[in-house]
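Morning, everyone. Please have the sequence and the model open while I talk.

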Amino acid sequence: MKKYFIIIIILVTILLYFLNYLENPMRVTKSRINIASIPAIASDLDLYGLKMIYVTLKDDRVWYSNWDNNSGVIESGDRDPFDAEFIARGNGFVSIDGQGTARLSGDSPRMYVYDSAKKKKWNNVEVTVYAKRISESSIISSQGIVIGARSEHQDATAKNPCLGATYYGRLLYDGRAVFQKEVIHEGAYSSNEPFENNKAEWDTLDGTMPRNIWIGVKFIVKTNSDGKSVKLELYRDLTDGYKGGTWEKVAEYTDSGNWSQIDSGVDVLAMCGYLASKVLLESGTSVFIRNDKVTDVEYKLFSIREIE
């Protein structure tokens with residue numbers, strides 16, 4: 001009789017753990033997750049247990065940050081010794097804590113994802129990351145949770161600025177949720193869309209992004225069925241991924257070829273051989289996260305998936 005009682009206790013304990021896991025899978029998976037061994041919890045969740053807006057393209061490319069199995073500082077130009085596709089760029093540092101979090105600091109720190117041979121490409125993507133605003137060295141309008149895609153920015157230089165063409169999804173510290181298109185590197189940027197002052201709602205007195213809380217962002221870049229235009233979507237989650245996250249769309253825009261640079265005096269056609277309103281239809285080598293003038297900002301659960 002005693003033996004059966006012990007068995008019953010063990011079974012009840014397992015059942016309670018399983019029910020707790022179903023109630024909040026992120027409690028189990030969001031720190032020190034071994035993404036190689038844990039499958040998606042459901043068909044609409046990614047390997048971090050976060051809800052997907054679009055499903056992953058079958059047998060196509062995915063990338064998940066590997067920040068839970070190592071620690072150290074990665075200087076600009078260096079690749080993560082534990083992840084061959086992750087590289088620090090720009091003017092700053094990436095510090096990985098070994099528990100799933102990376103911190104950025106510096107005047108213009110960047111985190112890029114691309115293979116060293118530059119053979120792999122990112123096309124239609126859903127990029128997800130959580131970030132925590134902490135402190136800045138000064139305040140400028142470009143600061144925020146900013147993701148770049150459809151880009152060859154990793155090779156853009158002053159002599160070859162045309163490789164800088166990029167789509168950006170930007171949830172900015174000043175409260176705005178906007179898209180921007182870099183036409184050429186440090187020479188011509190588009191206006192912000194869907195309009196310049198498109199604000200997300202924040203629970204702060206001045207309407208700016210709050211500090212010291214985790215904010216999830218999804219940036220989606222997807223060529224439309226017409227093959228001529230590109231749809232951009234930006235989502236936000238304020239639940240720290242609870243039950244996969246509550247993803248609110250904060251911006252949407254379609255680049256149909258009439259989205260051009262702000263007048264900068266740069267003759268893009270003469271310099272690059274394409275119009276300043278060019279739709280970025282080509283796949284890109286890199287996807288990246290950027291920030292500016294930050295002394296501390298944290299990131300976690302960074303992923304990129306090719307989508308249908």
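A search of the whole structure turns up 1 disulfide, meaning a pair of cysteine sulfur atoms within 2.5 Å. The partners are Cys-162 and Cys-272, with sulfur atoms 1.9 Å apart. Cys-162 sits in the loop between strand S7 (144–151) and strand S8 (166–172), and Cys-272 sits in helix H3 (residues 268–272), so the link ties together parts that are 110 residues apart in sequence. Helices (H or I, at least four residues) and strands (E, at least two) are DSSP runs, numbered from the N terminus.

This is a predicted model: local features need pLDDT of at least 70, side-chain atom pairs count only at pLDDT 80 or more, and totals for chains, interfaces and linings use all residues. Residues are numbered from 1 along each chain as its sequence is written, and side-chain values use heavy atoms, with hydrogens and water left out.

Are the two cysteines buried or exposed? Both Cys-162 and Cys-272 are buried, which is under 20% relative accessible area, with exposed over 50% and partly exposed in between (1.4 Å probe, protein chains only). The angle about the S-S bond is -90°, and the link of Cys-162 and Cys-272 is left-handed.
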